[in-house]
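Trainee: I would like to go through some side-chain contacts and ring pairs. Can we take them one at a time?

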Amino acid sequence: MNTVYPFSKTVYTDNDKELELCGVRGQRLMELAALDIPILPGFILPNESVMSLEEDREDTLKRLNGQLRVMEPIVEKEFDSSENPLLVKVVVSSTLNMVDTTSSIHNIGLCDTTLGGFAEKVGEEFAYHEYRGMIKRVLLLDKELEEDPKIIKKIDGFIKEASDAKNIASIKKFLEKIKTFYPAEFFEKSDKQLLYVLSRYREVFKKSEVLNDSALLIQAMTFGNYGKESYSGFFFSRNIENGQDELSGLFFKDSFDEVDSQGADILSLNKTYLNGLIPVAKCLEAHYKQIRRIKFTVEDGKLWIIDQAEATNKSAMAEIKTLLSLHDQEVIDDEYVINAIRPPRLAEILHPVLNKASTGKIKSVKDGLSGAIGAAVGRVYFTTDRIIKEARIAHQRGLEDNFILAMPSTYADDVKGIEVSRGVIARDGGYASHAPVVARSLGKVAMINPGIEFNDDGMVIDGVQVKEGDYLSLDVPSYDKPTIYFGKVELIEPSIEESGLLDFLEIVQRHMGDMDVHVNADQPREAKLAKTFGAKGLGLCRTEHMFFDEKRIQIFRSMIITDDDKDRNAILKKLQKMQTDDFYELFKIMEGMPTTIRLLDSPLHEFLPHTKEQMDDFISFFQKSHAGITDKEIRNRCDLLGEVNPMLGHRGIRLAISIPEIYRMQVTAIFEAAYKLRKEENIISKPEIMIPIVMSPSELKAVRYGKKIEGKEIVGIETIEEEVRAKQAVDILPYKVGTMVELPSAAILSGQIARYADFFSFGTNDLTQTTLGLSRDDFNTFFPDYNEFDLLAKNPFAALNPAVRELVALASQRGRIVRPDLKLGICGEHGAEPDNVEFFKSVGLNYVSCSPYGVPIAKLAIARSNLKK
């Protein structure tokens, strides 16, 4: 035992070669000592010294006692003392950062001669329990080394007796028996006991390929129930929920640990000790650049730090506030701040979280997949009509308006139901299906659970019947399966202003480079929120969502089914005024930023009534302005608009060819709003008109420049703009016309399509469906099988599939060959996924566009990518 490395608050080694010999745990202690942290003293035996134990037994004992004598004045105890004994623990310090399977042994030095003095300080019952516990651990160590089955059986018997011995009498009985198994000196001399334990560890090292180069760490023990003024406790360097810069934790008076003890708030600890903990917290937080969980003991009026580690359960808000604080102190730079936060963590700040402490014994089921993360609590309803009705009643009567919408799947006419809910549960679909996509855009929570069975009474989840009006609580994280609690759990609402997120995004913005982040937004509040997050444009306004408002839907339905052109044009005039107001507000919010408006995309039948109640209401509405039409005729007209495969049916640009008046109305409204805003507010808007589901260049050419045939005409976008501008008598505004690339044919023909498009926006949701032949609403029913056989490693509606990537790259390249200044973006849900950012940058996209709550995530992913390069 030639080499020993002692440590204490003032003694340590910082020599790299010596630290390597100390093992990982030893290095951590030396690190704390170097920081002037009040750690308990001890010493480390490197592997070479462990292996040489007992070569000269007397010399080894002499050296061990020499090290122990150095520790004694620091802790004001004496090893092998019958009055105030110093006890130590032995811990394996592996050279690998791993969880040791070999247990450490505490309270070495506790033997027959020291037990009485220890009991005087901590009480007889505690003393005997610790004595028994130490011997039990030694038995476990010996069992690990033993090969003789008879001796192993005997050891097992002793271990069981030790476990069963719960009171002083039974422990004394156990001690009498165990003394026949170990040498007498083990129970009589503390140094002989220590040497025995060290020697047994040496044998473990010899047998283990993993531990054969490990060191042993010997450190003083301390107790929170030792003497007159003693405490144990733990605390965090700052609040792990809100990041407030003050200690949070508990302490336990006259208690060894928190087990079976009533804790008190750490801030109420005696000021003498609290003032000692604060600088420790500051020091460790700055050193490790994160919140730390710190365990401490006050023994007989003296403060010791026992252990410290990362606070793994800290909230994203707390983590960000800590980084911002350290950044203000110039402890860390921009790059460290940006790389310290994983992009998905930001979503936790933007949504409510459940207070897990309030879940109590509420039954829950954990299953399915996360569609839009966060937490929601509310009464559940199973149709859009019903949840809207309940929301209206709650608003009128001033009642609680927290609702959960649960349906097999949702469609375009369920958007309003999602909007008035706190969260959505769907049985069918996946990450990129309707409910999650809409929920993300509206800041709602969404989850998919294919195991739900809907019935006449509501739904059954994991054998639990859920009825209309029952409370459910949803916990939908980014890192795990979602959980449904069958009851009401306390909800913690987010505060973006107080979260530190906006200050964090200021740092991120400095490293965004040339790629921007735009927002997918249909409502003014979504656009405002995204601007708060630093969005540099509106990348997708889905105009079809604007027609589902209860004041508009019946008017729009009337326009769809009327068979009279004059009547349709009159209805379109009403809708045009509404759309002008819509676009005016969006343009005003965006204040001259690019604003991409996608003209009507959904198939017309999606707007029509889907339930008997909806149909009855519509028939009554339509008949008021169309006297003489029968119920049957209205139903027949609605039925005729049904499609077998609407996703590939009469939608998007195909509507512009069949019913050009609809697109003419929308384009007129766009330019009326832009020119009106210029006159009234002197804001120069930048409309970007996007034509969806284009499959050929001739389609886009016809819609942009117009086309006449005998008896019919498609009035082109450019002509409409000229008409509005002439009417308003103003100078031309900068505007663009482009297309959403969402079909393989559009990608392949992109060079030709670029002749008529100022921009391409890749609709990767539909492009994935049409390229792979997968339905995003049905994909999850068989994805687990593909995943299990390693046929499809990642969900293609989250991670962009290689085939889709190739089409995006091809379209980008061919488009820019024809039009070098072609603007490229993505407006699919893939835009906010960090794993896709590198690819989007590599093909030269100018921006990604995503839901408002995805904007911070996308910005962070781009900044991290830029810093990596």
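Trainee: Which residues does Lys89 touch, not counting residues up to four places away in sequence?
Mentor: This is a predicted model, where local features need pLDDT of at least 70, side-chain atom pairs count only at pLDDT 80 or more, and totals for chains, interfaces and linings use all residues. Residues are numbered from 1 along each chain as its sequence is written, and side-chain values use heavy atoms, with hydrogens and water left out. Contact means heavy atoms within 4.5 Å. Leaving out residues up to four places away in sequence, Lys89 touches Ile105, His106, Leu217, Ile218, Gln219 and Met221.

Trainee: Which side chain of opposite charge is nearest to Lys89, and how far away is it?
Mentor: Lys89 is buried (under 20% relative accessible area; exposed is over 50%, partly exposed in between, with a 1.4 Å probe and protein chains only). A salt bridge needs a side-chain nitrogen of Lys or Arg within 4 Å of a carboxyl oxygen of Asp or Glu, and Lys89 has none. The nearest side chain of opposite charge is Asp307, at 7.1 Å.

Trainee: What kind of aromatic pair do Phe118 and Tyr226 form?
Mentor: Rings of Phe, Tyr and Trp (its six-membered ring) pair if their centres lie within 6.5 Å; planes under 30 degrees apart count as stacked, over 60 as edge-to-face and the rest as tilted. Phe118 and Tyr226 are 6.2 Å apart centre to centre, with 40° between the planes. The pair is therefore tilted.

Trainee: Why does that pair tie together separate parts, and how many residues apart are they in sequence?
Mentor: Phe118 lies in helix 5 (residues 115-122), while Tyr226 is in the loop between strand 7 (215-220) and strand 8 (231-236). Helices (H or I, at least four residues) and strands (E, at least two) are DSSP runs, numbered from the N terminus. The pair therefore ties together parts whose separation in sequence is 108 residues.

Trainee: What kind of pair do Phe548 and Phe607 form?
Mentor: The ring centres of Phe548 and Phe607 are 4.9 Å apart. Their planes are at 15°, so the pair is stacked.

Trainee: Is Phe607 buried or exposed?
Mentor: Phe607 has 0% relative accessibility. Phe607 therefore counts as buried.

Trainee: Over which ring does the charged end of Lys676 sit?
Mentor: A charge sits over a ring if NZ of Lys or CZ of Arg is within 6 Å of the ring centre and within 35 degrees of the ring normal. The charged end of Lys676 is 5.0 Å from the centre of the ring it sits over, that of Tyr584.

Definitions and conventions:
Lys and Arg count as positive and Asp and Glu as negative; His and the chain ends are not counted.
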